[in-house]
Every structure is written in structure tokens, then in C-alpha cells.
Amino acid sequence: MSDLLSADAQQGGDECVWSYQGYKLDKSNFVTAMVHFYRAEITRVNLWRSRLDTTTNWAVVTSAGAITFGFSSPQNPHFVVLLVLMLLLLFLNIEARRYAYYSLWYHRARLMETEFFATMLVPPFHPSSDWGDALSDVLRHPVFPISHWEAMGNRFRRNYAAIFVVVLVSWLLKLAVHPTPITTFQEFVARAAIGELLPGQLILGLVLLTYLSLFLMTLEGYRRFRRRGVPRREEWQRKGPRWFRTEPAPNLAIIVTTKKVELSARLMKELKRGVTALEGVGMYTGETRNVLLCAITDVQIAHLKSIVYEVDKEGFVVVTQAREVGGGHFKTQEPPS
């Protein structure tokens, strides 16, 4: 896509960035179109974010009503609270689906923020070369960034854990005090029964299994989030869009140069990154070379290359993706809920 735009710009003049069936779009109109598209995506993000709050409100109101009813009279059955537990599972499932859609719109907006608007602020002041292809790909073939079970785990960890704990404590307290305070554990188990077909042991086992499943699901969802971090390219292609990132992608730049001092000074001043110098020897020529190491983000790659080639036209640059970089501005960021 970027090559097509460049060809159109050469044919239609400096102001033409896109053409279709004789219609030409200049730079100002192209940016205006992107701004309006970004505003539309933000509207979608806000809409689905508000839907998340709506489902959580349902869960809070339903739980409060059931607990109030259960403790309003000793004769009110305890299984009303268990019915609310089933409703909470339904609400959690609905909210997980909404969260998946929210993640899709959110990360599409983040793609424009990080690859289009943010790069306008970083030298050489132009978007990444493949941002248009990535945006076109997710528009034509939208893929949820996270699975449904991972979304359930995230929503439970952030919002529903406290609600489920309150419901569980309320149910146990209801069994313990109504209609009279219990004296033995056997009496507690007997009160948990629902009629004659569902004994207390079965009900307690089902409740314990439900909460244990929610706990394991939450741990697995958080483990996948932490493990995903900055996915490798083969993982992007296998699991979802290559633009999905939860933190700035760290890269390690290896520069072989004969102008160590001047090049290091410019990198530290313009990129605001630390540089480490090593001594090297060219095995073919036997000449001494300086090797510079510098950790950078994706948006700084183009700027780093331009600096190297301005200072040392014979410089050799290798940029490789680092698995993990700690310290400085490289910090893990969890997507908002």
C-alpha cells in the first residue's frame, strides 16, 4: 500500500497521496479522512466500553437484590443466592463477548495512534512503512485479539471477583444463621441441600468446583496476557493481527562503525537512548571496528538508520527484536478495562 501511495504521488505531484479511477486525494484531505476515521473508531470504543459498565451494573444490582431478599426473613430459601450465582456466570459470559469486541475496536484505534499519529511526532516525521497494510488487513479481515475464555478471565479478575466473593460469603452466612445458628458441620451440610434430589454435599461440591474453575480461568488468562507481551511475528500471523501489541516492541540495534564518538553522541541526544560501545575486529580485513549496542522501539528504527547513514555512510546496521528489555521507558502496559 505504501508503494502504491508513493507511485501515485509521483504521478500526480507532491500533493497527491492517493488516486482511484481518476480521483486524486491530496495530503490535507488524506489526513482529514484519517482524522474522521479515527474519531469514528474512538466512538466505537466508547460505545462498547459503556456496554461493559452496563453488564457489571446488572451483576451488582442483581446480587444486592438477592442478598437483601435472602436475609430479609429466616424462612426465605438460600438457593435464591445460588440462582444469582448462575446469573452472574451468564453476565460474565455476556461481558466477555462485549470485551472481545471492545478489544478489537480499541486496538484498531491504537494502531492509528501508534503507527500514524505518534510517528508524526518522531523524526523523520512520517508513519511506519507498513501501517497502511496492517490497517487495511484488520479492516478487511477483523480478528479478535483475545479468546473468549481469556476475556472471561480478564473481566473476572478486574470486576467480578469481588462480586462473586460477596455472593459466596452471603450464601455461607445464610446457611449458618437461618433459620437458627448452626451447631455442627453436619447441620451446615444438611442445610445446603435443595429438596430431596440435591443433597448438601452435591451443592457444596458444585459451588466449590465453580469457584475453582473461575480461579483457574483467571490465572490462565493472566498468564496468557503476560506471556503474549510482545508477540513474535510468527505468533502474530498464527494467533491474530500483527499490529496487536500490549507494550512498545523492544529492539536491539547493532551498529558497526568507525565513527563511534560522533554517532553515539547523536543517538543519545536525538533518540534519548543509552549506547554501549564494544571493540570488534573484521575477520575478513582484520581491521578494528567499533560495535555500538542500542535498545530502541519500533518507531525509532527509521530515525536510527537515518542518523547512522548521515554520520557514517559505510556503517553497518542490524536491528533485531529483543525478547525482553527491562528499565528505562520499556514497561509493561495492560490494556484498560
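How many bridges join strand E3 to E6? The points below take that up first, then the rest of the sheet and its two helices. The model is predicted.

1. **The E3–E6 pair.** Strand E3 covers residues 250–257 and is joined to E6 by 6 bridges. The two strands run antiparallel. Val256 stands opposite Phe316 in E6.

2. **The sheet.** E3 and E6 belong to an open sheet of 4 strands, in the order E4-E5-E3-E6. The pairing is antiparallel. Strands E4 (276–281) and E6 (316–321) stand at the edges with a single partner strand each, so one side of each has no neighbour in the sheet. On average, neighbouring strands are turned by 25° against each other, direction ignored.

3. **Helices on the sheet.** H9 lies across E3, E4 and strand E5 (288–297). H9 runs at about 5° to E5. H10 lies across E3, E5 and E6. H10 runs at about 165° to E6.

4. **Helix against helix.** Two packed helices are described by the angle and the distance between their axes. Here, the axes of H9 (residues 260–271) and H10 (residues 301–311) come within 10 Å. They cross at roughly 150°. Angles over 145 degrees count as roughly antiparallel, and H9 and H10 are therefore roughly antiparallel to each other. Their crossing is right-handed.

5. **The helix contact.** H9 contributes Glu262, Leu263, Arg266, Leu267, Glu270 and Leu271. H10 contributes His303, Leu304, Ile307, Val308, Glu310 and Val311. By class, the contact of H9 with H10 has 7 nonpolar, 1 polar and 4 charged residues.

Methods: Residues are numbered from 1 along each chain as its sequence is written. This is a predicted model: local features need pLDDT of at least 70, side-chain atom pairs count only at pLDDT 80 or more; totals for chains, interfaces and linings use all residues. Side-chain values use heavy atoms; hydrogens and water are left out. Axes are lines fitted to C-alpha atoms, for helices over the stretch in contact, and angles run from 0 to 180 degrees between N-to-C directions. Angles under 35 degrees count as roughly parallel, over 145 as roughly antiparallel, 65 to 115 as roughly perpendicular and the rest as oblique. A crossing is left-handed if the near helix is turned anticlockwise from the far one by less than a right angle, and right-handed if clockwise. Contact means heavy atoms within 4.5 Å. Ala, Val, Leu, Ile, Met, Phe, Trp, Tyr, Cys and Pro count as nonpolar, Asp, Glu, Lys and Arg as charged, and the others, Gly among them, as polar. Two strands pair if DSSP finds at least two bridges between them.
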